[in-house]
Amino acid sequence: MRLTEFWARMREQFGEAYAESVAKDFVLARLGNRTVNKALADGEDAKVVWRAVSEQFNVPDRLR
């Protein structure tokens, strides 16, 4: 998954402003107790990060 697709899915799920908040404020255990932004900055694959977000926030199947 490319980062552009990742961010498009984040915006579709959460809206423009809240997607940014989710990415910087929520620490996800599935990402090693890192935020989305930290995990991506550390080089984590966007697909792995999206899976963690999807599970944590019960993202609808059509976006998974």
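Colleague: Where is the place of threonine 35?

Modeller: This is a predicted model, and in it threonine 35 sits in strand E2, which covers residues 34-35.

Colleague: Is threonine 35 buried or exposed?

Modeller: The idea is to compare the relative accessibility with a cut-off: under 20% is buried. Threonine 35 has 14% relative accessibility, so this residue counts as buried.

Colleague: Which residues is threonine 35 in contact with, leaving aside its neighbours within four places in sequence?

Modeller: With those neighbours left out, the contacts of threonine 35 are Ala23, Lys24, Asp25, Phe26 and Val27.

Colleague: Which residues are buried in H2, and what covers them?

Modeller: The buried residues in H2 are Ala19, Ser21, Val22 and Ala23. Their cover includes H1, E2 and helix H3, residues 36-41.

Colleague: How do I read the way H1 and H2 cross?

Modeller: Look at the distance between the axes, then at the angle. The axes of helix H1 (residues 3-14) and helix H2 (residues 16-25) come within 7 Å and cross at roughly 115 degrees. Angles of 65 to 115 degrees count as roughly perpendicular, and H1 and H2 are therefore roughly perpendicular to each other. Their crossing is right-handed.

Colleague: Which residues make the contact?

Modeller: From H1 they are Trp7, Met10, Arg11 and Phe14, and from H2 they are Glu16, Tyr18, Ala19, Glu20, Val22 and Ala23. Sorted by kind, the residues of this contact are seven nonpolar, three charged and no polar.

Colleague: How many residues does the largest nonpolar core have, and which have the most contacts inside it?

Modeller: The largest nonpolar core has 19 residues, and Phe6, Met10, Val36, Val49 and Val53 have the most contacts inside it. At least two residues of this core come from each of H1, H2, H3 and helix H4 (46-56). H4 gives the largest share, five residues.

Colleague: What is methionine 10 in contact with, beyond its neighbours within four places in sequence?

Modeller: Methionine 10 is in contact with Gly15, Ala19, Val22, Ala23, Trp50 and Val53. Methionine 10 also belongs to the H1 side of the contact with H2.

Colleague: Now a loop. Where is glycine 32, and is this residue buried or exposed?

Modeller: Glycine 32 lies in the loop between strand E1 (27-28) and E2. With 53% relative accessibility, glycine 32 counts as exposed, because the cut-off for exposed is over 50%.

Colleague: How far apart are glycine 32 and asparagine 58 in sequence and in space?

Modeller: Separation along the chain and separation in space are read separately. Glycine 32 and asparagine 58 are 26 residues apart in sequence, and 19 Å apart in space from C-alpha to C-alpha.

Key: Residues are numbered from 1 along each chain as its sequence is written. This is a predicted model: local features need pLDDT of at least 70, side-chain atom pairs count only at pLDDT 80 or more; totals for chains, interfaces and linings use all residues. Side-chain values use heavy atoms; hydrogens and water are left out. Axes are lines fitted to C-alpha atoms, for helices over the stretch in contact, and angles run from 0 to 180 degrees between N-to-C directions. Helices (H or I, at least four residues) and strands (E, at least two) are DSSP runs, numbered from the N terminus. Angles under 35 degrees count as roughly parallel, over 145 as roughly antiparallel, 65 to 115 as roughly perpendicular and the rest as oblique. A crossing is left-handed if the near helix is turned anticlockwise from the far one by less than a right angle, and right-handed if clockwise. Contact means heavy atoms within 4.5 Å. Ala, Val, Leu, Ile, Met, Phe, Trp, Tyr, Cys and Pro count as nonpolar, Asp, Glu, Lys and Arg as charged, and the others, Gly among them, as polar. Buried means under 20% relative accessible area, exposed over 50%, partly exposed in between (1.4 Å probe, protein chains only). A nonpolar core is a set of buried Ala, Val, Leu, Ile, Met, Phe, Trp, Tyr and Cys residues joined through side-chain atoms within 4.5 Å.
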